[in-house]
Amino acid sequence: MTRLLVGPFNRVEGDLEVRLEVAGGQVSQAWVNATMYRGFEQILQGKHPLDALVYVPRICGICSVTQSVAAARALAAACGVTPPPNGVLLTNLMLACENAADHLTHFYLFFMPDFSREVYADRAWHTQALQRFSTHSGEHARQAVAARQRWLQIMGTLGGKWPHTQSIVPGGSTRGISSSERYRLGAHVAEMRGFLERVLYAAPLEEVVALDSEAALAQWCIREPLRGDLRLFLAIAQDLGLENLGRGPDLTLSYGAFAQPDGSYTMAPGVWDGQSLHAPNIAQITEDARHAWLADGGSALPPSVGLTLPTMDKPEAYTWNKAPRLAGQVLETGALARQLADGQPLIRALWQRSRGNVLTRVLARSLELAQLVLLTEHTLRSIEPEASSCVDSRVPDHADVYGLCEAARGSLGHWLSIRDGRIANYQIIAPTSWNFSPRDRSGTPGALEAALVGAPVAEGDTTPVAVQHIVRSFDPCMVCTVH
């Protein structure tokens with residue numbers, strides 16, 4: 001048996017390292033370490049509740065809108081207000097814009113560059129991967145960065161700037177739009193549609209989201225092999241057997257994405273167990289800090305009474321991340337979980353055959369990117385220019401509430417307690433908190449820790465490429481994880 005310490009990882013959000021035990025040419029055990037502590041929960045204590053809207057977006061520079069939305073929903077619950085339809089739609093527009101930018105960034109800048117590495121130089125597709133995705137000279141990677149920059153001008157219009165926009169409040173959005181602005185935003189959406197249809201899919205978005213079976217996907221690939229970056233990825237995935245790499249837990253979680261004015265969701269919520277969908281019971285969520293450098297509390301605690309107190313001298317601790325569990329079970333969250341909860345037939349068929357893995361995570365994210373652009377088109381058409389987008393709100397002196405939303409990387413929750421008009425406790429469970437959790441007090445590994453077991457490691461290899469594929473397939477955001 002040999003031991004490896006892999007990290008700090010490049011091309012991920014934040015600081016991450018993974019400790020591995022290797023036996024017989026494969027990983028036998030893994031421990032995931034979020035190496036940085038920040039303490040936003042402590043910063044927020046004693047502040048006015050509305051100050052959370054200023055602080056929490058600064059947790060992350062890549063998904064700050066989703067942090068704002070979770071905080072605003074918790075505050076809306078405390079204030080007892082419901083945003084008007086325009087406020088809901090404008091919030092959805094910003095969420096979709098940010099999540100789509102995340103998916104694009106992950107595919108072109110974080111995940112695909114690994115296939116341009118020298119270790120794959122003898123593969124038939126390597127030259128194409130090098131030309132398209134190399135971190136130094138990839139043509140499509142450069143085009144994706146430019147497309148992303150123009151896409152985020154939508155956020156500049158709706159939030160004044162990005163990241164850390166300030167227009168999302170408990171009562172909706174403080175920034176409405178005029179008819180002429182809606183027209184200009186539509187031009188940005190059309191530009192993103194053009195990039196995706198020309199470079200990523202080489203096909204209309206409607207054709208991509210209509211893929212509903214493995215046979216349909218196979219026919220789509222055969223018709224124009226390697227044309228478009230998604231088909232190239234699928235060819236690489238088949239050659240390398242990525243569906244056999246990085247199997248996660250057989251439970252996934254989605255809080256439901258893009259709440260509508262009537263209370264429904266564009267993407268349904270649910271816990272998917274491979275056979276059926278269950279409503280997530282939020283009261284059954286706990287966090288176990290047994291293996292975190294944080295106060296333990298003697299048991300796994302619900303986030304409503306959770307603790308975030310640094311405790312550096314714990315002998316069993318190895319990370320700054322707690323271990324979230326739902327009814328004591330490990331869950332995976334992210335685009336794969338959303339597509340499974342929403343009933344996407346292709347993703348459910350792949351899940352039935354090979355469960356969560358590197359292939360299904362990246363494919364689910366790619367299909368969702370097309371959905372998000374179609375969603376922005378529909379949302380823009382649904383917004384009523386000049387109509388009210390916000391209602392006033394008054395923060396009570398006492399409340400215990402929570403706000404949920406779906407970030408690009410998965411389910412995000414904020415739990416807020418107010419006493420005497422001030423924040424008494426604030427706890428956050430981010431998507432990567434679920435996916436990259438440490439062991440709990442029962443010794444059960446987190447989702448990534450389990451997914452890494454069985455990953456091949458060549459003799460003498462200190463940075464196994466299979467491990468990197470698995471880690472990046474989750475698209476980790478460690479800055480959100482350690483708050």
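Q: Where is the place of C63?
A: C63 sits in the loop between helix 2 (52-55) and helix 3 (64-79). Helices are DSSP runs of H or I, at least four residues, and strands are runs of E, at least two; both are numbered from the N terminus. This is a predicted model, where local features need pLDDT of at least 70, side-chain atom pairs count only at pLDDT 80 or more, and totals for chains, interfaces and linings use all residues. Residues are numbered from 1 along each chain as its sequence is written, and side-chain values use heavy atoms, with hydrogens and water left out.

Q: Why does C63 count as buried?
A: Buried means under 20% relative accessible area, exposed over 50%, partly exposed in between (1.4 Å probe, protein chains only). C63 has 5% relative accessibility, so C63 counts as buried.

Q: What does C63 touch?
A: Contact means heavy atoms within 4.5 Å. Not counting residues up to four places away in sequence, C63 touches E98, D102, R409, C477 and C480.

Q: Why is C480 called buried?
A: Its relative accessible area is 3%, so C480 is buried. C480 lies in helix 18 (residues 478-481). Leaving aside neighbours within four places in sequence, C480 is in contact with I59, C60, C63, Q67 and A430.

Q: Which residues does the UniProt annotation "binding site" cover?
A: In the unreviewed UniProt entry, that annotation covers C63 and C480. They are spread over 418 residues of sequence, yet cluster in space, with a largest C-alpha distance of 8.6 Å. UniProt positions follow the numbering used here, feature names are shortened, and annotations may be inferred rather than shown by experiment.

Q: What makes a set of residues a nonpolar core?
A: The members are buried Ala, Val, Leu, Ile, Met, Phe, Trp, Tyr and Cys residues, joined through side-chain atoms within 4.5 Å. The largest core here has 142 residues, and L20, W151, L196, Y201 and F233 touch the most other members. Helix 4 (residues 85-111) gives the largest share of this core, 13 residues. Apart from it lies another core, of 12 residues, including L251 and Y255.

Q: How do the axes of helix 4 and helix 14 cross?
A: Axes are lines fitted to C-alpha atoms, for helices over the stretch in contact, and angles run from 0 to 180 degrees between N-to-C directions. The axes of helix 4 and helix 14 (residues 358-382) come within 9 Å and cross at roughly 145 degrees.
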